[in-house]
Amino acid sequence: MSVKPEYRVERIACNAAKDFIRANHYSRGCHNGPSPCYGLFDTDDLIGCLMVATPCSENVRRSVFGDEHKATVRELHRLAIIDDTPKNTESWFISRCLKLIRDERPDLWALVSFADTTQGHNGGIYRATNALHCGMTAPARFYLDSEGRLRHPRQNGVNITLAHAADRGWEAVKRQAKHRFVFILGNRAQKRERRKLLRLEVSE
């Protein structure tokens, strides 16, 4: 089944993106200041969102091209689409967002993203959109707040200890390893040159 002709993709406001992610993504939360954010519309109805943000950890940015080029790296932070869409909608949406990012943000060379095995995700949609699979992360501790929202162990540049989490009423939860993916941005020649700078090992 092909994507509906009524579908369109455009940049959306940060607050609209955050509201959609909180309502439709399993984490129920997101970065405080994502940018850029893109919406998938069925005529005038927002049915999907892709959110780019600065990773919580500087090491994530350094890991892609090294410290010299860390400013060129962002994270494909959140992706959510309502369930009632044609089979290939998600890959179609990602591809168009990547083209918009390439055109609107030439300062960005790469997006890193993660597929959470705790949620049963293996990154198939990223593989289908030509992302590079760059191994696995280690298992990690996250937190669940009182509303069931998944919280990163680093908030606003500060590591949250077990004691601090308990003070906030957050419950520690173990998360399994994640698949790590990298989207190299740019035109064909730029992608070739940026691929050469990649510090992460590409795996199958």
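Modeller: Start with pairing: two strands pair if DSSP finds at least two bridges between them. Helices (H or I, at least four residues) and strands (E, at least two) are DSSP runs, numbered from the N terminus. On those terms seven strands form an open sheet, ordered E1-E2-E3-E4-E5-E12-E6, with mixed pairing. The model is predicted: local features need pLDDT of at least 70, side-chain atom pairs count only at pLDDT 80 or more, and totals for chains, interfaces and linings use all residues. Residues are numbered from 1 along each chain as its sequence is written, and side-chain values use heavy atoms, with hydrogens and water left out.

Biologist: What makes E1 and E6 stand at the edges?

Modeller: Strand E1 (7-11) and E6 each have a single partner strand, so one side of each lacks a neighbour in the sheet. From one strand to the next, the twist averages 25°.

Biologist: How do you know that E5 and E12 pair?

Modeller: The cut-off is at least two bridges. Strand E5 (residues 110-116) and E12 are joined by seven, and they run antiparallel. Ala110 has Ile184 as its bridge partner in E12. Val112 has Val182 there.

Biologist: How many bridges join E6 to E12?

Modeller: Three bridges join strand E6 (residues 132-136) to E12, in the antiparallel sense. Met136 has His179 as its bridge partner in E12.

Biologist: Why is E12 called mostly covered?

Modeller: Buried means under 20% relative accessible area, exposed over 50%, partly exposed in between (1.4 Å probe, protein chains only). In strand E12 (residues 178-184), seven of its seven residues are buried. Both faces are covered. Lys178, Arg180, Val182 and Ile184 lie on one side, and His179, Phe181 and Phe183 on the other.

Biologist: What is the strand order of the sheet of three strands?

Modeller: The order is E8-E7-E11, in an open sheet with antiparallel pairing. Strand E8 (150-151) and strand E11 (171-175) are at the edges, each with a single partner strand, so one side of each has no neighbour in the sheet. Five bridges join strand E7 (residues 140-144) to E11.

Biologist: What makes a set of residues a nonpolar core?

Modeller: The members are buried Ala, Val, Leu, Ile, Met, Phe, Trp, Tyr and Cys residues joined through side-chain atoms within 4.5 Å. The largest such core has 24 residues. Leu50, Phe93, Leu111, Tyr126 and Phe183 touch the most other members. Strand E2 (37-42), strand E3 (45-53), strand E4 (73-81), helix H3 (89-104), E5 and E12 each supply at least two residues. The largest share, six residues, comes from H3. A second, separate core of 13 residues includes Val64, Phe65, Ile184 and Leu200.

Biologist: Which residues is Phe93 in contact with, leaving aside its neighbours within four places in sequence?

Modeller: Contact means heavy atoms within 4.5 Å. With those neighbours left aside, the contacts of Phe93 include Val9, Tyr38, Leu40, Leu50, Leu79 and Ile81.

Biologist: Is Ser27 buried or exposed?

Modeller: Ser27 has a relative accessible area of 2%, so it is buried. Ser27 sits in the loop between helix H1 (14-24) and E2.

Biologist: What makes its side-chain link to Arg78 a polar contact?

Modeller: A polar contact is a pair of N or O atoms within 3.5 Å; within protein, one must be able to donate a hydrogen and the other to accept it, and residues adjacent in sequence count only if both atoms are side-chain atoms. The side chains of Ser27 and Arg78 make one at 3.1 Å.

Biologist: Is His77 buried or exposed?

Modeller: His77 is buried, at a relative accessible area of 14%. His77 is in strand E4.

Biologist: Why is Cys14 called partly exposed?

Modeller: Cys14 has 26% relative accessibility, so partly exposed is the label. Cys134 is buried, with a relative accessible area of 3%.

Key:
Axes fitted to C-alpha atoms, helices over the stretch in contact; angles between N-to-C directions.
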